[in-house]
Amino acid sequence: MEQLTLPLPLPYLKVNRDGRIVAYSALAEDHFDLSSGHIRTLVDEESINKLDRISSEAGLSPVKMELNMKTNENPLGLFDVHLQWDSENQAGMIFLPKDSSNEELIQKLADIQNRLSSSDFELLEKKEELENVLKRMDRLSGPFIPLSDTLCLIPLFGDITADKINTISESCLQSVFSGSYEMVLFDLTAVGEVHADGIGTFIQLVKTLKFMTGNVIKLIGIKPNLAKELNRHDLDQWVQFNHSLKEELTYLDQ
Amino acid sequence: MTHIEALASCLLEGDPDKAWACIENYPESARPDVYHNLMTPAMRHIGHLWETNKITVADEHLATATCDFILSRLSYGIGKETSAGKAMFLCLDGEQHYLGLKMVDSLFKEHGWETRYFGPSLPLEYALHTAENWKPDVIGLSVSIVYHLPKLQQYVDAFSRLPENPAVLVGGRLTDLYNLRPHCKEDTVILRSLPETERWIQNDLTGGQQSGTTNSTPSPPVFES
Ligand code: B12
């Protein structure tokens with residue numbers, strides 16, 4: 001193995017048909033570990049077949065190919081390799097490192113991609129948090145209060161929406177079924193706005209309760225705006241309407 | 001030209017519309033079939049074109065971006081109902097080959113899993129941090145480059161110390177080429193393909209025994225239809 005004295009600005013190797021390195025430039029020695037004296041140990045295993053195939057098909061004309069090379073810095077450095085056989089069955093190989101500014105650009109693209117997907121996650125997380133808070137608020141807007149062994153009270157707070165009633169229904173039905181109540185009071189004094197789908201869901205809940213338990217169900221504290229809404233649905237066979245919680249409790253006391 | 005070659009050439013042209021048309025023309029329409037029988041072979045065919053000196057790594061970058069777009073479009077909108085469990089997916093630090101991982105993420109979503117997909121090169125501390133807070137049932141790792149194997153062991157070790165004891169799945173190109181068991185723990189699940197992964201998911205749902213690949217007999221494809 002002979003070192004070329006010619007000052008070459010790129011790594012250069014001369015190899016024979018067996019892949020033995022017969023000569024190398026100074027830069028080749030800087031880039032690669034030449035101690036084995038064989039080209040195979042410089043080329044990534046999954047680039048060797050490529051080198052074999054392309055170089056054996058080359059004839060005497062120059063060929064160019066990309067190969068991954070094991071360099072002193074990087075086990076997988078990408079190079080443009082220019083190769084040409086001479087009449088003595090020796091190939092001159094020039095190794096042109098692929099411009100690393102390319103890599104930089106690609107890294108930046110990847111960073112942006114990452115950022116996009118991570119802000120995606122953050123938004124998703126916030127959305128989940130919000131949904132949980134809303135659910136919790138809904139649950140708190142219809143607490144279940146057992147007043148005696150046979151009487152329970154469910155006061156509703158705030159706007160009546162389908163989501164809220166759905167959230168409340170679950171725990172409400174469970175609590176009513178697990179006791180032996182005879183009467184369920186819904187106190188609507190603190191109800192704000194009433195959404196059409198909310199009222200529908202509420203009526204569904206009332207009917208389910210009536211149907212499944214046969215309990216007496218009373219709606220109390222109905223304000224005029226709610227009365228108007230409720231009047232549209234024919235509810236008399238399902239529930240009784242009373243005036244206020246106070247009246248209801250005085251009546252029970254007697 | 002086969003469907004696979006046709007898709008590969010659309011990907012290399014960087015033409016997402018043409019590539020999408022290839023997907024639509026493909027006779028099978030179930031996502032796992034498209035991933036396994038069309039897109040994976042198309043990307044591997046692109047690898048073959050590089051090996052035969054027809055294209056460069058720069059072309060592969062363009063094909064990758066186009067393929068990524070197609071994958072996003074294919075999996076858009078799945079994963080609405082999420083009840084089966086939580087799974088996070090990542091590539092080892094430095095590993096840029098993420099397309100396979102993205103397919104696996106999509107597969108889990110399709111089976112009703114809630115997933116977090118981190119894509120290429122996720123440093124271990126970050127992965128651990130997420131795993132500690134989010135408490136996934138499954139952590140899926142992908143590795144394609146031989147030089148990343150020592151890191152595999154590091155990741156697997158760290159995840160095996162998590163208190164929730166998530167199932168650790170390992171996949172990627174190298175599972176086909178080497179026995180990765182020495183780089184893993186006994187209970188690490190090594191999965192060599194999408195059909196094998198889909199079988200694991202199905203077994204998991206029915207609570208069956210989970211072992212992944214412990215011997216070296218390749219499993220037959222599971223996508224019959
Ligand atoms: C496309 C490609 C790229 C793309 C990246 C694509 C991407 N984002 O995924 C780009 C251009 C960025 C790229 C870059 C590089 N690449 Co590249 N690349 C390829 C190529 C051609 C195809 C890979 C691919 O997309 N396959 C298709 C996917 C879908 O298949 P898959 O990954 O195996 O996944 C399937 C299964 O394994 C499984 N699976 C995958 N992950 C997981 C995870 C879990 C949990 C489970 C259960 C299953 C699972 O499911 C998938 C679906 O079927 C291969 C060649 C080849 N034959 O593989 C080279 C190849 C892998 N690359 C290689 C190299 C060297 C590089 C570079 C170093 C080149 C360079 N010098 O710049 C860089 C560095 C990247 C890095 N640091 O990671 C070498 C690796 C050699 C080695 N010794 O390991 C290969 C083999 C090419 C070669 N012959 O030299 N590459």
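Visitor: What is a polar contact?
Guide: Two atoms are needed, and each must be N or O. The pair counts as a polar contact when the distance is within 3.5 Å.

Visitor: How far does a polar side-chain atom of B:Arg173 lie from an oxygen atom of the ligand?
Guide: The model is a predicted one. A polar contact is a pair of N or O atoms within 3.5 Å. The polar side-chain atom of B:Arg173 and the oxygen atom of the ligand are such a pair, at a distance of 3.1 Å.

Visitor: Which elements of chain B give two or more residues to the shell around the ligand?
Guide: Both helices and strands of chain B are on the list. The strands are S3 and strand S4 (167-171). The helices are H3 (31-51), H4 (57-74), H5 (99-110) and H9 (194-205).

Visitor: Which element gives the largest share of the shell around the ligand?
Guide: The shell can be sorted by the element each residue comes from. The largest share is six residues, and the element that gives them is H3(B).

Visitor: Which residue has a side-chain N or O atom 2.8 Å from a nitrogen atom of the ligand?
Guide: A backbone N or O atom of B:Gly172 lies 3.3 Å from a nitrogen atom of the ligand, but that is a backbone atom. The side-chain atom at 2.8 Å belongs to B:His97.

Visitor: Which chains share the site of the ligand?
Guide: The ligand is surrounded by 37 residues, and the closest include A:Asn68 and B:Arg44. Residues of two chains surround the ligand, so the site is shared between chains A and B.

Visitor: Which residue of chain A forms a salt bridge with B:Arg173?
Guide: The closest N and O atoms of this salt bridge are 2.6 Å apart. The pair crosses between chains, from the loop between S4 and helix H8 (174-177) of chain B to helix H2 (residues 45-56) of chain A. The partner in chain A is A:Glu46.

Visitor: Is B:Arg173 buried, partly exposed or exposed?
Guide: Buried means under 20% relative accessible area, and exposed means over 50%. B:Arg173 has 30% relative accessibility, so B:Arg173 counts as partly exposed.

Visitor: Is A:Glu229 buried or exposed?
Guide: A:Glu229 forms a salt bridge with A:Arg232, with the closest N and O atoms 3.7 Å apart. A:Arg232 is exposed, at 65% relative accessibility. A:Glu229 has a relative accessible area of 18%, and the limit for buried is under 20%. A:Glu229 is therefore buried.

Visitor: How many residues apart in sequence are the parts that B:Asp68 and B:Lys102 tie together?
Guide: The side chains of B:Asp68 and B:Lys102 meet in a salt bridge of 2.6 Å, N to O. B:Asp68 lies in helix H4 of chain B and B:Lys102 in helix H5, so the parts tied together are apart in sequence by 34 residues.

Visitor: What percentage of the residues of chain B count as buried?
Guide: Chain B has nine helices and five strands. Both B:Asp68 and B:Lys102 are buried. Of the 225 residues of chain B, the share that counts as buried is 48%.

Key: Residues are numbered from 1 along each chain as its sequence is written. Chains are lettered from A and ligands numbered from 1 in the order in which they are written. This is a predicted model: local features need pLDDT of at least 70, side-chain atom pairs count only at pLDDT 80 or more; totals for chains, interfaces and linings use all residues. Side-chain values use heavy atoms; hydrogens and water are left out. A residue is near a molecule or strand if one of its heavy atoms lies within 4 Å of it. A polar contact is a pair of N or O atoms within 3.5 Å; within protein, one must be able to donate a hydrogen and the other to accept it, and residues adjacent in sequence count only if both atoms are side-chain atoms. Helices (H or I, at least four residues) and strands (E, at least two) are DSSP runs, numbered from the N terminus. Buried means under 20% relative accessible area, exposed over 50%, partly exposed in between (1.4 Å probe, protein chains only). A salt bridge is a side-chain nitrogen of Lys or Arg within 4 Å of a carboxyl oxygen of Asp or Glu.
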